[in-house]
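Work through the exercises below with the sequence and the model open. Try each task before you read its solution.

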Amino acid sequence: MTQLVHVDPNAPESSAIARAAAVLEQEGLVAFPTETVYGLGALALNPRAVARIYVAKGRPPTNPIIVHVADTEAAIDLVTVWPDTAAKLAKTFWPGPLTIVLPKRPEVPEIVTAGGETVGIRVPAHPVALRLLQVLGKPIAAPSANRSNQISPTSAEHVMAGLEGRIDMVLDGGLTKVGLESTVVELNGSQVRVLRPGMITAEQISAVLGTAVEQVDLKSDRPLASPGLHEKHYAPRARLECCDDSGLNRVRELRAQNVAVGWMPLAEEVQIPRSVMTDSKVETVPMPRYPAEYAELLYSILHAMDEAGVAHIVLQLPPRGAKWTAIHDRLARASF
Ligand code: TXA
Ligand code: MG
């Protein structure tokens, strides 16, 4: 049984937070909202509790889990070094959607880091997540609260759809704001590498540090630094096809074959023809033209397309540019 507990996202009730903390203390699993997506939490320093995350998600044991902490001091407690670069990034971006990867202390169990020597840490910018971390007083290991290979949840309903009956509790704090997972940045001596792009861009990180930042090329065939990154991740059930144009012609082709279609053109890019508008087998959602709004909505709409039972999604690619990098990354993974 999964308990669904409502919580005010801006002023979380102490009773709800206390209940969630108690479940975690008993080595249970609690899904909770962060500013990016919902996380599936367990006591980070307790290998038995963390093992349950892998089981609930069906997650491969080679994919390390991000550790969430209440503040920078708690982050420093988990690592063997705290370089100047980390201090600058934490000061600028925490609480917020940036995960910093550094060498781990022995107290961080290998199951959290998938056997690796480094740990990814972040301070989330969401009142519910922060309050839970403060009340618990311990770090929380939390991947996104979805079954492995599915898209991340941006609402408690998405979490329940994937994990009901497999986890102990969901704190329902409504929709998440950023909508895409955090930027993952690895600090290795003077080398700074973005392992997973997010809404905090490599350019922003570079500006704060005053040094070059390498963006790991996901298409290169070098061994991957972030093991989870090469898997088919974040994919909806429907087949996602990205187009350089509005996609209208492709939608018409698919409809001629009687395929149920989801269509995601950019707003104001194309006049939606009446024949498409009145076709009950086409779900049309015009997408925002600004990256923050686009990111906030993307997963919700992909989830809704699956709910609606479309077999094929035709999406118009948004513009290129630094602020769109994370969105193009997720679209590429979802359209494998
Ligand atoms: O926004 C987020 O990051 C969300 C919320 C819940 O915080 N979490 C999230 O976790 O997206 P997950 O497990 O779905 O994705 C974590 C990514 C994976 O690609 C993993 O390989 C990488 O971060 N990662 C975690 N620890 C790492 C480490 N020590 N070294 C390299 N990559 C790491
Ligand atoms: Mg994930």
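**Exercise 1.** Is glutamate 181 buried or exposed? Then find its place and its partners.

*Solution.* Some ground rules come before the steps. This is a predicted model: local features need pLDDT of at least 70, side-chain atom pairs count only at pLDDT 80 or more, and totals for chains, interfaces and linings use all residues. Residues are numbered from 1 along each chain as its sequence is written, chains are lettered from A and ligands numbered from 1 in the order in which they are written, and side-chain values use heavy atoms, with hydrogens and water left out.

Step 1. Glutamate 181 has a relative accessible area of 3%, so it is buried (under 20%; exposed is over 50%, partly exposed in between; 1.4 Å probe, protein chains only).

Step 2. Glutamate 181 sits in the loop between strand E8 (169–172) and strand E9 (183–188). Helices (H or I, at least four residues) and strands (E, at least two) are DSSP runs, numbered from the N terminus.

Step 3. Look for side-chain partners. Tyrosine 299 makes a polar contact of 3.0 Å with glutamate 181. Arginine 330 makes one of 2.7 Å. A polar contact is a pair of N or O atoms within 3.5 Å; within protein, one must be able to donate a hydrogen and the other to accept it, and residues adjacent in sequence count only if both atoms are side-chain atoms.

Step 4. Leave aside neighbours within four places in sequence. Glutamate 181 is then in contact with residues including Thr36, Ser152, Arg196 and Tyr234 (contact: heavy atoms within 4.5 Å).

**Exercise 2.** At what angle do helix H11 and helix H12 pack? Name the residues that make the contact.

*Solution.* Step 1. H11 (residues 291–308) and H12 (residues 325–334) pack at about 30°, with axes 10 Å apart. Axes are lines fitted to C-alpha atoms, for helices over the stretch in contact, and angles run from 0 to 180 degrees between N-to-C directions.

Step 1. That angle makes H11 roughly parallel to H12. The classes are: under 35 degrees roughly parallel, over 145 roughly antiparallel, 65 to 115 roughly perpendicular, the rest oblique.

Step 2. H11 contributes Pro291, Tyr294, Ala295, Leu298 and Tyr299 to the contact, and H12 contributes Ile327, Arg330 and Leu331. Tyrosine 299 and arginine 330 are also the polar partners of glutamate 181.

**Exercise 3.** How are helix H1 and helix H6 oriented to each other?

*Solution.* Step 1. The axes of H1 (residues 14–25) and H6 (residues 127–136) come within 9 Å and cross at roughly 60°.

Step 1. The two helices are therefore oblique to each other.

Step 2. Ile17, Ala20, Ala21, Leu24 and Glu25 of H1 meet Val128, Arg131, Leu132, Val135 and Leu136 of H6.

**Exercise 4.** Which residues of helix H2 are buried? Check both ends of the helix too.

*Solution.* Step 1. In H2 (residues 47–57), the buried residues are Ala49, Val50, Ile53, Tyr54, Ala56 and Lys57.

Step 1. Their cover includes strand E3 (38–43) and helix H7 (156–163).

Step 2. At the start of H2, a side-chain oxygen of asparagine 46 comes within 3.0 Å of the backbone nitrogen of arginine 48. Just after H2, glycine 58 has a positive phi of about 70°.
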